[in-house]
Structures are given as structure tokens and as C-alpha cells.
Amino acid sequence: MQIEFLRSVLGWCSVINGGLLFITFLCYVLAGDFIFRIHSKWFPLSKESFTLMMYGFIGGMKLLFISFNLVPYLALVICG
């Protein structure tokens with residue numbers, strides 16, 4: 001019973017976090033210049049540093065998503 005509950009929780013966490021990752025990617029691809037203009041008003045940064053920051057953020061988010069949501073969920077699906 002507890003493994004089924006944990007599998008269900010990790011499955012929904014994977015769906016939610018994967019959706020957030022996808023939405024973040026779409027926002028950056030479709031409205032990257034708008035996001036840059038807003039952030040450059042708050043912080044002094046160049047377009048190159050903003051691109052590098054976003055690349056690092058999306059990459060880090062992807063690594064955390066895979067490590068802490070997707071892999072444990074798949075392990076529970078395979079083993080249970």
C-alpha cells in the first residue's frame with residue numbers, strides 16, 4: 001500500500017514538474033526578448049549573460065527533475 005502511494009505521488013510530481021519545465025522552456029523560446037527586457041530593467045545584465053543564466057537554470061531544473069522525480073518513479077514502476 002505504501003509503495004503504491006509513493007509511486008502515485010512521484011508520478012504526479014513528475015507530471016507537474018515536467019509540465020513546469022516545459023512551460024519554462026516555451027516561455028523562454030516564445031517570449032525570451034520580453035523576459036530579457038523586464039529583467040534588464042531590474043538588474044544590469046547583457047543579453048549573453050541572460051542567455052547563459054537561462055540555459056543554466058533550465059539545465060539545472062532538468063537535472064533536478066530527472067534525478068529526484070523521474071528516476072525514482074521509474075525505479076518504483078520497474079520494481080513494484
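Select glycine 18: at 22% relative accessibility it counts as partly exposed (buried is under 20% relative accessible area, exposed over 50%, partly exposed in between, with a 1.4 Å probe and protein chains only). This is a predicted model, where local features need pLDDT of at least 70, side-chain atom pairs count only at pLDDT 80 or more, and totals for chains, interfaces and linings use all residues. Residues are numbered from 1 along each chain as its sequence is written, and side-chain values use heavy atoms, without hydrogens and water.

Stay with glycine 18. It lies in helix α1 (a helix is a DSSP run of H or I, at least four residues; a strand is a run of E, at least two; numbering starts at the N terminus).

Next, colour the helices: α1 covers residues 2-42 and α2 covers residues 47-79. How do they pack? The angle is about 170 degrees, and the axes are 8 Å apart (axes are lines fitted to C-alpha atoms over the stretch in contact; angles run from 0 to 180 degrees between N-to-C directions). The helices are therefore roughly antiparallel (over 145 degrees; under 35 is roughly parallel, 65 to 115 roughly perpendicular, the rest oblique).

Zoom out to the whole chain. It has 2 helices and 0 strands. Along its principal axes, the C-alpha trace spans about 50 × 20 × 15 Å. Of the 80 residues, 18% count as buried. Residues 24 or more positions apart make 69% of the contacts with a separation of 6 or more (contact means heavy atoms within 4.5 Å).
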